[in-house]
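Where do charged and aromatic side chains meet in this fold, and which parts of the chain do they connect? The paragraphs below go through the charged contacts and then the rings.

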Amino acid sequence: MEVPGQNCGEINIHAGFMNKQRHWYLAQAAVVLSLVAFVLFGIAGVGRGGSVHFSDVRYFHLAGGMVVDGASPYDLGAFTAAAVKLGAGPDIGVFPYPPHSLLLWAPLSWLNLEQARWTWTVLNVLMLLVVAWSAARTYQERVAPTDGEAVSTAALWIYAIVIGSPFAAHLVWTGQTGLLVLGCLLLAWRTFHAGAWVAAGIALGIATIKPQLAMLVFAWFVLTGSFRVVGVALATAGLLLAYAVVQLGPDVVTQWASAALTYQGEVATGLPYNTNLKSLLIGLGVPLSPVATALIPVAALGYTAWLAVLHRQSPRAPADVLAALLITSLF
């Protein structure tokens, strides 16, 4: 005997399954389109006009070669001369990365400029996949567990959004370090919460080559008493710095500080795509005094300290804390 409503129930289950399957295929298509867009705009250079392909890799390649030869990349005159000699072009600016980054660039000197560019592109693509994987895993763990599914439909959409982002394409096209540092920060965060504090410290130490992005995450570990991670991070940065000191002498630190101050002037006037609160205010025509400029990062550190106090009183989800820290890095 047929149970009333049974066919209707079967139809609803079937319709639900078909709807879920359509969403799955749509998400897969979005991932494919994001990959196509990434290759077109981040590697092939569609719509890039006269912008220089892998322009930032020139800096790393030159700095690596100079430090191997015992010359300081923080000497702008010598840096420009090296750029002309190696065919990297005369339109080269101040090298702003801290001296403990120099050991990371040294291996690029073993390659010619074109080989260095493509090597860096491969590294950036790998780090982009790390960022996309971490974002998708975080979403599944925090919001939508998959009940045994390897990859959920939502995770596929996150892959599509991260890989297809114009920011990702721009970072890879220009050969910047943002993906490398962000990937290291995400790895540091995930490995720390998995109990692997040594790995977390190493990843955090490498991330400090871009202090403006790593500073708040580093401060969080200090403020929350994660001193083993902080110690390993400092040791990692110290070991990296030792190479620069041996090659260039201890005054390499003051050379970098001087170059970094000069670079701040370039950022304020010559980088329209620089994305932070300071550049937004400048773009809006809001005058910024030196005091106001100095207070912006102080405010970001103050917020981080306040968040740490709240976390001690009532622990926040790790993913929420990291999101808040990375967003606040725009200060």
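E141 and R137 pair through their side chains in a salt bridge, with 2.9 Å from N to O. A salt bridge here means a side-chain nitrogen of Lys or Arg within 4 Å of a carboxyl oxygen of Asp or Glu. Both E141 and R137 belong to helix α5, where they are four residues apart, about one turn of the helix. Helices are DSSP runs of H or I with at least four residues, strands are runs of E with at least two, and both are numbered from the N terminus.

The model is predicted, so local features need pLDDT of at least 70 and side-chain atom pairs count only at pLDDT 80 or more, while totals for chains, interfaces and linings use all residues. Residues are numbered from 1 along each chain as its sequence is written, and side-chain values use heavy atoms, with hydrogens and water left out.

E141 is partly exposed at a relative accessible area of 47%, and R137 is partly exposed at 35%. On this scale, buried means under 20% relative accessible area, exposed means over 50%, and partly exposed is in between, computed with a 1.4 Å probe on protein chains only.

E141 also meets R190 in a salt bridge, at 2.8 Å from N to O. Because E141 lies in helix α5 and R190 in helix α8 (residues 178-193), this pair ties together parts that are 49 residues apart in sequence. Through shared partners, salt bridges join R137, E141 and R190 into one network. R190 has a further contact: its charged end sits over the ring of W133, 5.1 Å from the ring centre. For this, NZ of Lys or CZ of Arg must be within 6 Å of the ring centre and within 35 degrees of the ring normal.

Helix α5 (residues 113-142) also holds E114 and R117, three residues apart, about one turn of the helix. E114 forms a salt bridge with R117, and the closest N and O atoms are 3.4 Å apart. E114 is partly exposed at 42% relative accessibility, whereas R117 is buried at 16%. The count of salt bridges comes to three.

Next come the rings. There are 12 aromatic pairs, where rings of Phe, Tyr and Trp (its six-membered ring) pair if their centres lie within 6.5 Å; planes under 30 degrees apart count as stacked, over 60 as edge-to-face and the rest as tilted. One of the pairs is F79 with F95, which is tilted, with 5.8 Å centre to centre and 45° between the planes. F79 lies in helix α3 (residues 76-85) and F95 in the loop between α3 and α4 (102-105), so the pair ties together parts that are 16 residues apart in sequence. F79 is buried at 0% relative accessible area, and F95 is buried at 1%.

F192 and F221 form an edge-to-face pair, 5.1 Å centre to centre with 85° between the planes. Since F192 is in helix α8 and F221 in helix α10 (residues 211-223), the two tie together parts that are 29 residues apart in sequence. F192 is partly exposed at 26%, but F221 is buried at 1%.

Which residues form one aromatic cluster? The members are Y59, F60, Y74, F79, F95, Y97, W105 and W120.
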